[in-house]
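Look over the sequence and the model below. The text then walks through the fold, one region at a time.

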Amino acid sequence: MRPVRRDELLDYVTYDEKRFSIRADVMAQKEPRRIHVGEHLTFLFENTTTIRYQIQEMMRVERMVREADISHELETYNGLLGGPGELGVTLLVEVEDPVERDAKLRAWRDLPSHLYARLADGRVVRFRYDAGQVGDDRVSSVQYLKLEVGRQAPVALGCDHPQLRVETPLTPAQRKVLDDDLKAD
């Protein structure tokens, strides 16, 4: 996936003026990239546009003008994108009730190692994750994952954790946007 370049970013004032239309476009791009797996897992497959939006939002909120700060955001957020044959994913573990959420994040501490994608050829591919996002006693509710699939978009996403067994097939629209992302490498 092509990383966001510095020359693609607007200053925060100009971005704020155009934010409404930019946001509408980004939300439309996120829709087929947002895949709900069961009741509690949402996978958001990132691309250059979604990452640029995140950087612009940070620049706007923080009123960033220093090049060193902007470079730091570029480096941080571009690191969420996948490389050639790889998809970058933000996983949200969504549990409304704070007490229940805390209990589940403790029980699912090893959740990232149980996440997978099923490819059209039948292979199951595991997500790579940052072990730093898993604490001694619980997993973070936001995970940044990578999925190496070569040139095949997944046909399903799932979890085989003993306390959370679920698999969701991807729609044709979801497979197409991921296939397009993989071809854009």
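**A walk through the model**

At 1% relative accessibility, leucine 182 counts as buried (buried is under 20% relative accessible area, exposed over 50%, partly exposed in between, with a 1.4 Å probe and protein chains only). The model is predicted: local features need pLDDT of at least 70, side-chain atom pairs count only at pLDDT 80 or more, and totals for chains, interfaces and linings use all residues. Residues are numbered from 1 along each chain as its sequence is written, and side-chain values use heavy atoms, with hydrogens and water left out.

Leucine 182 sits in helix H5 (helices are DSSP runs of H or I with at least four residues, strands are E runs of at least two, numbered from the N terminus). Setting aside residues up to four places away in sequence, leucine 182 touches Gly85, Glu86, Leu87, Val149, Gly150, Arg151, Gln152 and Ala153 (contact means heavy atoms within 4.5 Å). Valine 4 is 178 residues away along the chain, and the two C-alpha atoms are separated by 16 Å.

H5 lies across E1, E2 and E3, running at about 135° to E3. Axes here are lines fitted to C-alpha atoms, for helices over the stretch in contact, and angles run from 0 to 180 degrees between N-to-C directions.

Now the sheet. Five strands form an open sheet in the order E1-E2-E3-E7-E6, with antiparallel pairing (two strands pair if DSSP finds at least two bridges between them). E1 and strand E6 (128-129) stand at the edges with a single partner strand each, so one side of each has no neighbour in the sheet. E6 and E7 pair in the antiparallel sense over two bridges. Arginine 128 stands opposite lysine 146 in E7.

Next, the interior. In soluble globular proteins, nonpolar side chains tend to be buried together. The largest nonpolar core here has 31 residues, of which Leu41, Phe43, Phe45, Leu111, Leu115 and Leu157 touch the most other members. Such a core is a set of buried Ala, Val, Leu, Ile, Met, Phe, Trp, Tyr and Cys residues joined through side-chain atoms within 4.5 Å. The elements giving two or more residues to this core include strand E2 (41-45), strand E8 (154-161) and helix H5 (172-183). Its largest share, four residues, comes from E3. Apart from this core lies another, of twelve residues, among them Leu9, Ile55, Ile70 and Leu74.

Finally, a loop. Arginine 63 lies between helix H2 (48-62) and helix H3 (67-78). Arginine 63 is not a glycine, yet has a positive phi of about 55°. Arginine 63 is partly exposed, with a relative accessible area of 47%.
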